[in-house]
Amino acid sequence: MPFYDVQHSLPLDPSQRSSLAKELTTLHATAFNAPTIFVNVKFTPNAQDEGYFVGGEHRPSTNRIFVHVRSGKGRGDEAFAKLAANVEEVWKRVVGRGEGDAGAGNLKVLHAVFIVPGITVREQGFAIPLVSLFYVL
């Protein structure tokens, strides 16, 4: 765990996927002093008419990243808000900014970053303890 699910309407080429995966992994490892081996990144292409709605309005083309992380000491609202802002910056650096209204079908815009804290984790067959303030090798 952590798990980054990059859901995208914009076609991403292999180079963009690789760059996003590497930068998101480095970002997470740096932000939470975590080993990179546990950072998972998955790319999920969205269908053009996937049935996604925002504020009751249909959004046929959206890009969003769900970040599933463990909660614990040092991982409060401020840390997660900073992570979300940094994820947006990674997207802009790798994919581009896009211009215009994010809701008007602009394919390059990252529409949302959702941070989803979790508590219980099993990784590679092992129960992972709760996050503490310090990481010990």
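Student: In which strand is the place of His-8?
Tutor: This is a predicted model, and in it His-8 belongs to strand β1, which covers residues 3-8.

Student: Is His-8 buried or exposed?
Tutor: His-8 is buried, because its relative accessibility is 2% and the cut-off for buried is under 20%.

Student: What does the side chain of His-8 reach at 2.8 Å?
Tutor: The side chain reaches the backbone oxygen of Leu-10.

Student: And which residues does His-8 touch, leaving out those up to four places away in sequence?
Tutor: His-8 touches Arg-17, Phe-43, Thr-44, Pro-45, Asn-46, Thr-62, Asn-63 and Trp-91.

Student: Let us turn to the rings. How many aromatic pairs are there?
Tutor: The count comes to two aromatic pairs. One of them joins Phe-32 and Phe-80, with ring centres 6.2 Å apart and planes at 65°, so this pair is edge-to-face.

Student: Which parts does that pair tie together?
Tutor: Phe-32 lies in helix α1 (residues 14-32) and Phe-80 in helix α2 (residues 77-94), so the pair ties together parts that are 48 residues apart in sequence. Phe-32 is buried at a relative accessible area of 12%, and Phe-80 is buried at 9%.

Student: How are the rings of Phe-66 and Phe-114 arranged, stacked or edge-to-face?
Tutor: They are stacked, because their planes are at 20° and planes under 30 degrees apart count as stacked. The ring centres of Phe-66 and Phe-114 are 4.7 Å apart.

Student: Where do Phe-66 and Phe-114 lie?
Tutor: Phe-66 is in strand β5 (residues 64-70) and Phe-114 is in strand β6 (residues 112-118), so this pair also ties together parts 48 residues apart in sequence. Phe-66 is partly exposed, with a relative accessible area of 22%, and Phe-114 is partly exposed at 33%.

Student: Over which ring does the charged end of Arg-64 sit?
Tutor: The charged end of Arg-64 sits over the ring of Tyr-52, at 3.9 Å from the ring centre.

Student: Now the charged pairs. How many salt bridges does the structure hold?
Tutor: The structure holds two salt bridges. In one of them, Glu-23 pairs with Arg-93, and the closest N and O atoms are 2.7 Å apart. This pair links distant parts of the chain, with Glu-23 in helix α1 and Arg-93 in helix α2, 70 residues apart.

Student: How accessible are Glu-23 and Arg-93?
Tutor: Glu-23 is partly exposed, with a relative accessible area of 26%, while Arg-93 is exposed at 56%.

Student: What about Glu-89 and Lys-92; what distance is given from N to O?
Tutor: Their side chains meet in a salt bridge at 3.8 Å, N to O. Both residues lie in helix α2, three residues apart, which is about one turn of the helix. Glu-89 is partly exposed at a relative accessible area of 35%, and Lys-92 is partly exposed at 31%.

Student: To finish, what does the secondary structure of the protein chain come to?
Tutor: It comes to two helices and eight strands, which follow the pattern β-α-β-β-β-β-α-β-β-β along the sequence.

Student: What percentage of the residues count as buried?
Tutor: Of the 137 residues in the protein chain, 36% count as buried. The accessible surface of the chain comes to about 8,000 Å², of which 57% belongs to carbon and sulfur atoms.

Note on methods: Residues numbered from 1 in each chain as written. Predicted model: local features only at pLDDT ≥ 70, side-chain atom pairs only at ≥ 80, totals over all residues. Heavy atoms only, no water. Helix = DSSP H or I, 4+ residues; strand = E, 2+ residues; numbered from the N terminus. Buried < 20%, exposed > 50% of the residue type's maximum accessible area, 1.4 Å probe, protein only. Polar contact = N/O pair within 3.5 Å; in protein donor to acceptor, adjacent residues only side chain to side chain. Contact = heavy atoms within 4.5 Å. Phe/Tyr/Trp six-rings, centres within 6.5 Å; stacked < 30°, edge-to-face > 60°. Lys NZ or Arg CZ within 6 Å of the ring centre and 35° of its normal. Salt bridge = Lys/Arg side-chain N within 4 Å of Asp/Glu carboxyl O. Areas by Shrake-Rupley, 256 points an atom, 1.4 Å probe, with all protein chains shown as cover.
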